[in-house]
Amino acid sequence: MPISKKKSSRAKSIDQSTDFIIAQDLWVKILIGMFLGIIIGFTLSPDGLGLWDEGWLRTTSDWLALPGIIFLGLIQMVIVPLIACSIILGIAESKDLGFVKRISFKLIPYFILTTTFAITIGIGLVSIVQPGSLIDPLVAEQAIDSGAAAERIPGSTFEDLTIPDRIANLVPSNLTKAQVEKNMLQIVIASILLGVALITIPSETARPFKDLCVSGQVICMKIISWAMIIAPIAVFGLIASVTIKLGIEAIMSVGLYTITVIAGLLCMLVIYLIFIALFTRTSPVSFLNKIREVQLLAFSTASSGATMPFTIKACEEKLGIRQQISRFVIPIGTTINMDGTAMYQGIAAIFLCQVFGIELSILETVLLILTTVGASIGTPATPRVGLVILSTILVGIGVPAEGVALILGVDALLDMCRTTINVTGDITAAKLMDKWVKDKNDTPR
């Protein structure tokens with residue numbers, strides 16, 4: 001379906017922000033910052049030159065991390081209103097309640113299916129490779145006891161992530177509380193309800209609220225474009241800070257674990273490409289070429305939420321996906337379609353079980369899969385949040401939450417990798433829905 005050349009002021013404003021970010025070649029600068037962070041961090045760490053005392057290193061590490069903390073703060077500040085406004089507008093602008101029903105009945109089962117695929121592949125792979133069996137217990141103890149553990153491991157901000165509790169709390173009784181706690185599943189449900197409500201009321205009554213959402217979306221994009229300016233410095237500082245505190249030995253000791261995670265993510269990418277080839281008759285190579293910039297940006301920022309506007313733009317302009325599909329699927333997928341995150345959590349959980357000598361029965365493994373699928377749904381689309389979810393999962397299977405410190409050194413890299421898969425999964429879902437969901441007149445695509 002051709003895209004109209006005439007654009008609204010909202011579309012022009014969003015295009016200005018996205019074009020500005022793309023023009024900066026940020027992904028190149030961020031990759032450079034990542035490698036420089038590793039080099040500087042290693043040089044300053046006790047494993048490197050070893051010329052500095054512990055107090056000076058701690059202070060230097062904190063200052064290096066400051067740009068990253070500011071960057072994450074800016075992204076987290078706008079991610080909730082950006083996703084909420086995008087979902088509301090994506091539904092409201094379709095102006096067709098029947099379309100919402102048709103796509104929802106296909107989209108939600110698809111999301112659950114691919115997430116289950118991802119976690120099953122991850123757990124199967126880590127169980128075969130057994131990377132945890134090669135970890136020196138002394139290295140594990142040092143990582144847990146390091147200063148980085150206390151300062152960098154996020155606390156359990158979710159009181160309970162069991163599936164029954166999530167089902168019982170789907171509808172938010174207090175939207176303000178949901179926003180404060182960043183309970184994204186509740187925010188998604190509320191946004192969907194508001195979007196559907198806007199379709200069912202007179203357009204004159206709905207217009208003021210839609211205009212408010214438009215303004216919110218444009219403002220959030222402008223702030224994200226500002227945050228992106230410091231993204232290379234942020235990545236450099238965060239990686240340097242973690243490397244200084246943990247040392248290169250702790251990072252290298254989990255090399256096989258890192259390879260296992262990346263191998264699992266690549267398996268999931270292959271599954272997406274098979275879906276694209278089988279169900280849309282699109283060349284996988286052509287598909288990857290068209291979404292390459294978005295993937296690189298997702299890898300660079302480690303935030304599917306910050307990447308969302310670029311994802312929508314690529315879907316519409318490069319893949320020819322209908323606006324009503326892309327603007328519905330991508331915002332929702334950004335929060336509930338976390339295949340890469342789910343796989344990472346499953347692999348990390350089994351890896352740490354191997355490190356600490358915890359044996360899981362078949363039933364416990366199945367429960368871990370179900371819990372991880374439930375936990376990944378509604379995960380905030382911001383960097384490093386996977387550690388929060390992981391720490392809560394670990395407690396449920398008897399692994400000390402502090403064990404996350406062992407994989408902290410490589411989490412930044414793996415966060416970038418799993419975000420790339422999350423975004424690719426969203427684009428794949430949009431492409432499939434564009435093929436499977438008929439338009440208003442029930443004309444097949």
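Good morning. The model is a predicted one, in which local features need pLDDT of at least 70 and side-chain atom pairs count only at pLDDT 80 or more, while totals for chains, interfaces and linings use all residues. Residues are numbered from 1 along each chain as its sequence is written, and side-chain values use heavy atoms, leaving out hydrogens and water.

Where does Pro 46 lie? Its place is the loop between helix 2 and helix 3 (54-92). Leaving aside residues up to four places away in sequence, Pro 46 touches Leu 57 and Ile 244, contact meaning heavy atoms within 4.5 Å. Between the C-alpha atoms of Pro 46 and Leu 57, which are 11 residues apart along the chain, the separation is 9.0 Å.

Now the whole protein. It has 20 helices and 0 strands; these are DSSP runs numbered from the N terminus, helices being H or I of at least four residues and strands E of at least two. Of the 445 residues, 54% are buried.

I turn next to helix 2, residues 26-44. Its 19 residues reach 26 Å from first C-alpha to last, close to the expected 27 Å, the expected span being 1.5 Å times one less than the number of residues. Buried here are Leu 26, Ile 30, Leu 31, Gly 33, Met 34, Gly 37, Gly 41 and Leu 44. Why do they lie on the same side of helix 2? They do so because they cover an arc of only 170° around the axis, taken from the directions from the helix axis to the C-beta atoms. On the other side, Phe 35 and Ile 39 are exposed.

Finally, a helix pair. Helix 4 (residues 97-129) and helix 16 (residues 323-336) pack at about 35° with axes 12 Å apart; axes are lines fitted to C-alpha atoms over the stretch in contact, and angles run from 0 to 180 degrees between N-to-C directions. Among the residues making this contact are Phe 99, Ile 103 and Phe 111 of helix 4, and Phe 328, Ile 332 and Gly 333 of helix 16. By class, the contact has 11 nonpolar, 3 polar and no charged residues. Nonpolar covers Ala, Val, Leu, Ile, Met, Phe, Trp, Tyr, Cys and Pro, charged covers Asp, Glu, Lys and Arg, and the others, Gly among them, count as polar.

Key
Buried means under 20% relative accessible area, exposed over 50%, partly exposed in between (1.4 Å probe, protein chains only).
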